[in-house]
Amino acid sequence: RDESHVLTTVRGTPGYIAPEWRLATRVTIKADIYSFGIVLLELVSGHRNFDSMQSGSRKHLLQVLQERAEYQLLDMVENMDEVVKHYHAEEVVKMIKSGAWWLQNDQSRRPSMSLVVKVLEGLMEVDTNINYNLTYATTSSSTVNNHASTTPPASILSNPR
């Protein structure tokens, strides 16, 4: 508990691994916050983290977030009906901003899990100083210890083990 960083090999689902793991293979107490942010954005937006069936920038959830942050965050939500849009738009945007806060490339800018819980409980507001420039985190392949790592195709992932 007294160590803030632990050395390890990178393990986890591509796209959910915090950027600091890809850079230095150092696990921090904020790595799980990053993964949780991805899951929250998937749930709220209806987008997959990486969808090879989409074209261009729509393949990566974080690229969709970046593009919508410039215009209208609410537009990143798929298939939102008018009732939800009218009555819950503010809550949806708050959740998107929360997810973006948890996805900061610099782990020191991510909140602790106790702050995440307070935001979800409505006891605390989302940080307004969010950096939506998440370009490093959107890459589908990365280099870890000089070894390229890419997401295997769906046909391989769905084969029996």
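Q: What makes a residue in the chain count as buried, and what percentage of the residues are buried?
A: A residue is buried if its relative accessible area is under 20%. In this predicted model, buried residues make up 35% of the 161 residues in the chain.

Q: How many helices and strands does the chain have, and in what order do they run?
A: The chain has six helices and four strands. From the N terminus on, the order is β-α-β-α-α-α-α-β-β-α.

Q: Why is helix 2 called roughly antiparallel to helix 4?
A: Helix 2 (residues 31–45) and helix 4 (residues 82–102) pack at an angle of about 150°, and their axes are 7 Å apart. Angles over 145 degrees count as roughly antiparallel, so helix 2 is roughly antiparallel to helix 4. The crossing of the two helices is left-handed.

Q: Which residues of helix 2 and helix 4 meet?
A: On the side of helix 2 they are I33, Y34, F36, G37, L40, L41 and V44. In helix 4 they are V92, M95, I96, S98, G99 and W102.

Q: How do you know which classes of residue make up this contact?
A: The contact of helix 2 with helix 4 has 10 nonpolar, three polar and no charged residues.

Notes: Residues numbered from 1 in each chain as written. Predicted model: local features only at pLDDT ≥ 70, side-chain atom pairs only at ≥ 80, totals over all residues. Heavy atoms only, no water. Axes fitted to C-alpha atoms, helices over the stretch in contact; angles between N-to-C directions. Parallel < 35°, antiparallel > 145°, perpendicular 65-115°, else oblique. Left-handed = near helix turned anticlockwise from the far one by under 90°. Contact = heavy atoms within 4.5 Å. Nonpolar A, V, L, I, M, F, W, Y, C, P; charged D, E, K, R; others polar. Buried < 20%, exposed > 50% of the residue type's maximum accessible area, 1.4 Å probe, protein only.
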